[in-house]
Amino acid sequence: MTVQNADDKKPLLYVVVCAAGVAGDVCKLITHAQERHWDVGVIATPQGLGFLDAEAIESQTGYPIRSAWRTPGETRPLPPADAIAVAPATFNTINKWAAGISDTLALGILCEAYGMGIPTVALPYLNAAQAAHPAYQRSLRQLREMGVLIGSYEPHRPKAGGGADRFCWTEAIDILEPRITRGV
Ligand SMILES: Cc1cc2nc3c(=O)[nH]c(=O)nc-3n(C[C@H](O)[C@H](O)[C@H](O)COP(=O)(O)O)c2cc1C
């Protein structure tokens, strides 16, 4: 399926990258989104930035990676988003987002996205010990109530090497696209 704006410009997907083990493979999601006719801009949490090859991502997307708040008066480095994918989404960012905490640029964008009606999907990547925390279950419920679409990854066993082979990057677009209103 090809999603396009009414003026025939490609829609822009923000990919919010958190500091989880699989973050370095985010190029897989960017490639898939671009193949499906999206432009992509990456926003990393401050911790997430350390997991990324910024130069490779910027050359793949054509946009600077955003991580810090811009200074007042500085122009916006990215056009507004048509949709947002949080991938990978950490335990930390999911809980803060659901609670309305906005102390990173990534969280600020996510907290506002709800009020702006921007379709948003989150692909959590975490272990079962984190997922067992009652706050995480509450956060997922809260985000679903807000209309956030949640990926299908089943948390991996703690201290057992993670589950990168099971993490489905392409799911972000597959889940989002049916929710996007397509231009004519
Ligand atoms: C090597 C490494 C791998 C990590 N993997 C994960 C992970 O898969 N999932 C997760 O929720 N946290 C993971 N963490 C912990 C997060 O990085 C930590 O909670 C951080 O504060 C998250 O910040 P962010 O949510 O702002 O990106 C990992 C930490 C390190 C150092």
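The largest share of the shell around the ligand, 3 residues, is supplied by helix α4, where helices (H or I, at least four residues) and strands (E, at least two) are DSSP runs, numbered from the N terminus. This is a predicted model, in which local features need pLDDT of at least 70 and side-chain atom pairs count only at pLDDT 80 or more, while totals for chains, interfaces and linings use all residues. Residues are numbered from 1 along each chain as its sequence is written.

Among the 15 residues around the ligand, those that come nearest are C18, A19, A20, T45 and T90; a residue is near a molecule if its C-beta atom, placed from the backbone, lies within 6 Å of it. Two elements give two or more residues to this shell, namely α2 (46-49) and α4 (91-99). By class, the shell has 6 nonpolar, 9 polar and no charged residues, with Ala, Val, Leu, Ile, Met, Phe, Trp, Tyr, Cys and Pro counted as nonpolar, Asp, Glu, Lys and Arg as charged, and the others, Gly among them, as polar.

The strands form an open sheet of 5 members in the order β2-β1-β3-β4-β5, with parallel pairing; two strands pair if DSSP finds at least two bridges between them. Its edge strands, each pairing on one side only, are β2 (39-44) and β5 (149-150). Strand β1 (residues 12-17) runs parallel to strand β3 (residues 83-89) and is joined to it by 4 bridges, and V15 has A85 as its bridge partner in β3.

Leaving aside neighbours within four places in sequence, V16 is in contact (C-beta atoms, placed from the backbone, within 7 Å) with I43, I84, V86, A106, I109 and L110.

Taken as a whole, the chain comprises 8 helices and 5 strands. Its radius of gyration, taken over C-alpha atoms, is 16 Å, close to the 16 Å given for 184 residues by the globule rule (2.2 Å times the number of residues to the power 0.38), so the chain is as compact as a globular protein of that length.

Conventions. Contact = placed C-beta atoms within 7 Å.
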